[in-house]
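Subject: Structure handover

Hello,

Here is the structure I promised to pass on. Please open it alongside this note, which walks through what turned up.

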Amino acid sequence: MSQSINQVLEFSPLKTDGMTINMGPQHPSTHGVLRLIVTTDGEFIESVEPVVGYLHRCKEKIGENVTYAQFMPYTDRLDYLAGMNNNWAWAMAVEKLAGIKVPERAEYIRVIMGELNRIASHLVAIGTYGLDLGAWSPLVYAFNEREKIMDLFEKTCGARLTYNYYRFGGVSKDLPDEFREECGKLLAGFDSFLDEIDTLLSENYIFIKRTANVGVFSAKLALDYGLTGPNLRASGVPRDLRRVAPYSIYDRLQFDVIVGHGTKGILGDCWDRYDCRIKEMRQSARIVRQCLKDLPEGEIKTKLPAVFRPPKGHVFFAAENPKGELGFYIVSDGSTKPARLHIRGPSFHSVSILPAVSHGVMIADLVAILGSIDIVLGEVDR
Amino acid sequence: MPSPKEIHDRLKSQFPGFILDFVEERIDPYTQVKPEALARVAAFIKNDSELAFNYLVSISSLDEQGTLNAVYHLQSVDLQTGRTRHGVILKVCVPVENPVIPSVAHIWPTADWQERECYDLMGIRFSGHPDLKRILTEEGWVGHPLRKDYVFPTEYRGIDLT
C-alpha cells in the first residue's frame, strides 16, 4: 500500500483511463451523509472531491430568529455525539458577551459532564473506526461503555443524546444523589476497559498495518487546513484550548495534553490520531475523578433576568470540543436575539483536508483516512 | 507578542491608505481593511517572521445596513508549544450591489471552503477563488439565506412549504 501511483505508472507501459466513482452519501463508512466523488486510476486515487451540505439546516439563520436561550437545544444537534460540549461552548460564548459569572459548583458539574461526553464521543470515534477497517467487536465494547455514560446523562437531565443541559450562568439541574457513586463505579473500571481496547485494536497487527504510515498530516498542513483537536495534536502540536487558553476551572486541574509521536509509523498518521483519542480518554477520566473528589456544595445557576438582553457588541469564543475547536461568533445589537451568529464547526475544517491528502493513496486507505479524522456531519453541514 | 493595536499600526505604516479605522470594541477590537488590499495584507501577515499568522480560525460574514462584511479571525500559533502568540481580527466591508473581496485561499488553504460558505450563504464573491460554488445549499438554490432581506421559499420542487 506504500507504492504511489507515480511509481506504478513508471513501470507500466499502459496508461488506463481514470474512472469516477461515487462514495456516499448513503454509505456506512462515511459516518453520515457525506458524498465523495472519487477519481481513480486502477486501485489508486487521483483526486477526491467531498460534497457536503446534505444535513444543512442553516442553524446560523435559525439563530437570528430565536432568543439566546432558545438556541441552546439547537447546539445539541451540531456535533450530536457531544451535545454537552456544544451546550457548554454556546453558554460560555454568551457568558463572555454578557459578562455572566458561573457558581463554583456549576463549573465542576460542567467539567464532569463535558469530560464524560468527550469520552463518549471518542468511544464512538474509535468503535466506528474499527468497524470501518473490518473489526466488529471493538464497536460493541465501546458502545457498551458509552451506554453507561448515556445512563448517567439520562439520570441527570432526562436525555440521552440531545441534552439541553447547560444554562447561561450554570446548569439546569443538580446532579442526582446516586451520581457520585455510579460515576465512580464507571471510572473504576474504565482504565482496564481501555487496556482491553488496546489489546483488541491498538496493538492489533492488522489494524496497525491498515493505519500506520497511512494518511500522514504534517503539523503545517494540518494547521493550514484549520484542523484542531486530536487531529492537530496527533501531528505533534500540543494545542489544547483547555491548556493554552484555559476556561472554566481547567487551570486548576491536572491533565496531560496528548500529542502524537509516530509510535507505529510516521508522525501524524492514522494510528497516531486514533491513539490520541485513546489516551485523551484516560486524561478525561482523570479530570472527572478530580472533580468528583473536590465537588463543592452551593448554587448551580446564577439568576438572570426573565428577559435576557446581552449588551451590544461582538464576541468570538472557541472551546476545546472532542472534535476540535468549536467557535461561536456572536454579534449582538442589544436585543433578545443575536443579530448574527456564525458557527466554526471543527469537523467542517477536518473534512476539507481530504482532497489534499488523498492523491495517490489506495481506495481502501481513503476509508482509513476518513475514519481517522472523526467527523460528524451535523457539524460539517450545520 | 504584539497587541491588536500594535498590529494595526504596523499594517497602517506598511499599507498606507488601505488600512482604515481601528475599532475599539468592548471585548474584541478589530481592524478595518479596504477590500482591494486584503490579499496583499494577508500575504504580508502570513509571511512576516514576527507576525506569522499561520492559523485562519474563521471567516464570518455579516449583513449590516446595506453593506456586506467579511470578518477574519486570525491567530499566530507556535507549533512547538501550541500556544497562540497573538491574534487579530480583520473586517472587510463591501457594498451590497457589488460584493467582491479578493480570495485568500492561496494563502490559507482553509479559506477555500470558508469562502465558499460565505458566498453560498451571504453572497459575497471572492475574486481569484479556485472554484467558487455553493457548498452547503444545493446547486441552483436561489438567493443567499443569511442576507437580512432573504425571502423564504414557499415551495421546493413541488413541495408546499407554507
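Two strands pair if DSSP finds at least two bridges between them. Keep that in mind for the sheet below. One caution before the findings: this is a predicted model.

**The sheet in chain A**

Start with strand β6 of chain A, residues 313-321. Its neighbour is strand β7 of chain A, residues 324-332. β6(A) and β7(A) pair in the antiparallel sense, over 9 bridges. Gly313(A) has Ser332(A) in β7(A) as its partner. Ala318(A) is partnered by Gly327(A), also in β7(A). The two strands make a hairpin, and 2 residues sit between them.

In β6(A), 8 of the 9 residues are buried, so the strand is largely enclosed by the rest of the structure.

**Helix pairs in chain A**

α4(A) also meets helix α5 of chain A, residues 104-132. Their axes come within 7 Å and cross at roughly 135°. Angles over 145 degrees count as roughly antiparallel. On the α4(A) side, the contact uses Gly83(A), Met84(A), Asn85(A) and Trp88(A). On the α5(A) side are Arg110(A), Met113(A), Gly114(A), Asn117(A) and Arg118(A). By class, the contact has 3 nonpolar, 4 polar and 2 charged residues.

Now take helix α6 (residues 137-157) and helix α8 (residues 190-202), both of chain A. They pack at an angle of about 165°, with axes 10 Å apart. α6(A) and α8(A) are therefore roughly antiparallel. Their crossing is left-handed. From α6(A) come Ser137(A), Pro138(A), Tyr141(A) and Glu145(A). They meet Phe193(A), Glu196(A), Ile197(A), Leu200(A) and Leu201(A) of α8(A). The residues of this contact divide into 6 nonpolar, 1 polar and 2 charged.

**A loop residue in chain A**

Where does Met362(A) lie? It is in the loop between α15 (354-357) and α16 (363-372) of chain A. Met362(A) has 18 other C-beta atoms within 10 Å, so it is partly exposed. Met362(A) and Glu46(A) are 316 residues apart in sequence. In space they are 9.5 Å apart, C-alpha to C-alpha.

**Chain B**

Chain B has 162 residues, and 38% of them are buried. Its secondary structure comes to 3 helices and 9 strands. Along the sequence the pattern is α-β-β-α-β-β-β-β-α-β-β-β. The C-alpha atoms fill a box of roughly 55 × 35 × 30 Å, taken along the principal axes. Consider the contacts in chain B between residues at least 6 apart in sequence. Of these, 45% join residues at least 24 apart.

**Where the chains meet**

The contact takes 33 residues from chain A and 29 residues from chain B. On the chain B side, β3 (55-64), β4 (67-77) and α3 (111-122) each supply at least two residues. Which of the elements of chain B gives the most to this side? β3(B) does, with 6 residues. By class, the chain B side divides into 14 nonpolar, 9 polar and 6 charged residues.

Over to you.

How values were computed: Residues are numbered from 1 along each chain as its sequence is written. Chains are lettered from A and ligands numbered from 1 in the order in which they are written. This is a predicted model: local features need pLDDT of at least 70, side-chain atom pairs count only at pLDDT 80 or more; totals for chains, interfaces and linings use all residues. Axes are lines fitted to C-alpha atoms, for helices over the stretch in contact, and angles run from 0 to 180 degrees between N-to-C directions. Helices (H or I, at least four residues) and strands (E, at least two) are DSSP runs, numbered from the N terminus. Angles under 35 degrees count as roughly parallel, over 145 as roughly antiparallel, 65 to 115 as roughly perpendicular and the rest as oblique. A crossing is left-handed if the near helix is turned anticlockwise from the far one by less than a right angle, and right-handed if clockwise. Two residues are in contact if their C-beta atoms, placed from the backbone, lie within 7 Å. Ala, Val, Leu, Ile, Met, Phe, Trp, Tyr, Cys and Pro count as nonpolar, Asp, Glu, Lys and Arg as charged, and the others, Gly among them, as polar. A residue is buried if 20 or more other C-beta atoms lie within 10 Å of its own, exposed if 12 or fewer, and partly exposed in between; C-beta atoms are placed from the backbone.
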